[in-house]
There are 2 protein chains.
Amino acid sequence: MSSASGTEIIAIDWGTSSLRAALMSPDGAVLERIASPDGIMFAKDRSFEAIFRDLFSGWLARYPRASVLASGMIGSRQGWIEAPYVACPAGFDDLARALIFVDLPELTRIGFVPGLSIEHADGVPDVIRGEETQVFGALAALGITEGVFVLPGTHSKWVTVKDSRITCFRTFLTGEMFDVLRRHSILGRLMTDTEPAGERGGEAFDLGCKLSAGGRLLHHLFSVRSRGLLGKTAPADLSAYMSGLLIGEEIREAKALMWAGAESQIYLVGRGDLAGLYRQALASYDIEATALDDSVTFAGLFALARTHRAQIEA
Amino acid sequence: MSSASGTEIIAIDWGTSSLRAALMSPDGAVLERIASPDGIMFAKDRSFEAIFRDLFSGWLARYPRASVLASGMIGSRQGWIEAPYVACPAGFDDLARALIFVDLPELTRIGFVPGLSIEHADGVPDVIRGEETQVFGALAALGITEGVFVLPGTHSKWVTVKDSRITCFRTFLTGEMFDVLRRHSILGRLMTDTEPAGERGGEAFDLGCKLSAGGRLLHHLFSVRSRGLLGKTAPADLSAYMSGLLIGEEIREAKALMWAGAESQIYLVGRGDLAGLYRQALASYDIEATALDDSVTFAGLFALARTHRAQIEA
């Protein structure tokens, strides 16, 4: 990574199922973007280096001294190189100090952002990889130093920040549970909607959210079948009903675990239909959230690159 | 069905994945048993009548006037003939009056036991088919008129009985959720034990049960992965840990919904390892259960046949 303060930055969000990247100017503006399906699970027989060269040789030819930083599962044991978990609480400085580098001689050097780990008081450990960069990006983009961040997804994350440090986070299996129940359980058999996972809202979704407040998930999930069998919910709405039960349950659990009350601001990081469902479910729990686009990742990588540069120059 | 009080009874528990039957003497003793894999989902291109003739022509040749009664999914829309749900509360009389019959000319007549339906105050409907006969069998076998019955399985049932009538029941998706998460989610990937679903107990199972008391299922399920990744639970014990989280959650929910406290007796209907796990999980919630073998089904069918006979003779 160049020590000149005036270099461009290539910021890469390289996850399990997709890759997004931005070429950023020295002042943090996004100049160009790449989106690709080359998530680490789809690499197949191509090396990560080959994918990297395919996607980024062009930018590097134009900006050979650009700093390159990657966050997400590419830095996991199943990725290119493992950037070991940093223990919570952790701030920008801790993450920047723990970057792991891979040299590609005569091309560039790539910094991989570590994930975070935590062990809760009840002995439950947790890990996060990728979302920490989104959260730091949100802090940088908004100029804030605290809040609770909700990052919906296959494994949803709730992250608490105080004094610009991640102090706590919890993972919820929500998205994956929706997917396996829909595809592989008897609950999916009566569903006739063809939308992708979790992208329907409306009344059935709301009903699921409201029921979730009782904390009876294993019982209420069976009602996806019984409501369908007895004609109480239309086949096209069963998926939305199940989604409401699951997202509502996540919010019920997270609210009890992580939310200090109305004085603590909630930020919802994500885009499109899934973010819309979470906003609807949060409202059903009387929580108002500030919406943030998930491109805050790039702001996080930019801030980390700058912090790292300051560290090596100090 | 013969009106003579002295006939034998062929009692058939014909479920989704298997069939068990008993030839019973006029006083209710089990003379012979059949167990077969001919559950309704394995019928394939054979008709239910063909399967029935294969299995029971022998007994009927010896006892042509035997009463024949079948409970379980064979009486559902996906079975031989639908015996419509009877609304709760319901007693022996209601079930016996709602039997649906199929005639096999010159062979016999088969009575199918209806399932039960209920709609709870929160608008959640529920259905049961097969377990109602087990519960009535338990009442008959023990000579009791009330209690809470726990019937573990793919879709676990908790059933409340007062004055010999089923007043309430709730279904929990426990067994199926264990199965789909183990086979199809990321949680199963680190598991190395080869035992079938839910048949391991021990410390990891206990830890799962204890955590379940917090009511944080979506969060704690992710810890099946994080504990595995971080070496906190051995790969061979992850399945037991997940089973503890799920069975524990069922008991937490059911206890709040259906258990009036220590004065209400809990009966655990089932056999083998799964019943053992439930006993261990119930103990973790300070609930002592009386164990009953699931062959009480035959006692239930016997009692229903006798009630039906009394009804047509009255």
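Biologist: In this predicted model, what makes residues of helix H5 of chain B count as buried?

Modeller: A residue is called buried if 20 or more other C-beta atoms lie within 10 Å of its own. In H5(B), which spans residues 202-212, that label applies to Ala204(B), Phe205(B), Leu207(B), Gly208(B), Cys209(B), Leu211(B) and Ser212(B).

Biologist: What covers the buried residues of H5(B)?

Modeller: The cover includes three helices of chain B, namely H6 (217-229), H7 (238-258) and H8 (272-284).

Biologist: How do you know that chain B is in contact with chain A, and how many residues are involved?

Modeller: Two residues are in contact if their C-beta atoms lie within 7 Å. By that criterion, 38 residues of chain B are in contact with 38 residues of chain A. On the chain B side, strand E10 (125-128), strand E13 (165-172), helix H4 (174-184), H6 and H7 each supply at least two residues. H6(B) gives the most, with 10 residues.

Biologist: How do you know that the copies meet through the same surface?

Modeller: Of the interface residues of chain B, 100% are also interface residues in chain A, so the same surface is used by the copies.

Biologist: Turning to the sheet of chain A, why are E3 and E7 called edge strands?

Modeller: The open sheet has 6 strands in the order E3-E2-E1-E4-E8-E7 (chain A), with mixed pairing. Strand E3 (30-36) and strand E7 (100-104) of chain A each pair on one side only, and are the edge strands. From one strand to the next, the twist averages 20 degrees.

Biologist: How do you know that E1 and E2 of chain A are paired?

Modeller: Pairing requires at least two bridges between the strands. E1(A), residues 9-14, and E2(A), residues 19-24, are joined over 6 bridges in the antiparallel sense, and therefore meet that requirement. One bridge partner in E2(A) is Arg20(A), for Asp13(A).

Biologist: Which helix packs on this sheet of chain A?

Modeller: Helix H9 of chain A, residues 296-313, packs on the sheet and touches E1, E2, E3, strand E4 (67-71) and strand E8 (108-112) of chain A. The direction of H9(A) makes about 125 degrees with that of E1(A).

Biologist: In chain B, what is the order of the open sheet?

Modeller: The 6 strands follow the order E3-E2-E1-E4-E8-E7 (chain B), and their pairing is mixed. Within it, E2(B), residues 19-24, pairs with E3(B) in the antiparallel sense over 6 bridges, and Arg20(B) stands opposite Ala35(B) in E3(B).

Biologist: What makes E8(B) a mostly covered strand?

Modeller: Of the 5 residues of E8(B), 4 are buried.

Biologist: Which sense does the pairing of E8(B) with E4(B) take, parallel or antiparallel?

Modeller: E4(B) and E8(B) run parallel and are joined by 3 bridges; Leu69(B) stands opposite Gly111(B) in E8(B).

Biologist: How is E8(B) paired with E7(B), and what lies between them?

Modeller: E7(B) and E8(B) pair in the antiparallel sense over 5 bridges, with Thr108(B) in E8(B) as the bridge partner of Leu104(B). The two strands form a hairpin with 3 residues between them, and Glu106(B) in the turn has a positive phi of about 65 degrees.

Biologist: Which hairpins does E12(A) form?

Modeller: E11(A) and E12(A) form a hairpin with 4 residues between them. Their antiparallel pairing runs over 5 bridges, and Val148(A) has Thr160(A) as its bridge partner in E12(A). E12(A) and E13(A) form a hairpin with 2 residues between them, where Asp163(A) in the turn has a positive phi of about 50 degrees. These antiparallel strands are joined by 7 bridges, and the bridge partner of Val161(A) in E13(A) is Ile166(A).

Conventions. Residues numbered from 1 in each chain as written. Chains lettered and ligands numbered in written order. Predicted model: local features only at pLDDT ≥ 70, side-chain atom pairs only at ≥ 80, totals over all residues. Buried ≥ 20, exposed ≤ 12 C-beta atoms within 10 Å, placed from the backbone. Axes fitted to C-alpha atoms, helices over the stretch in contact; angles between N-to-C directions.
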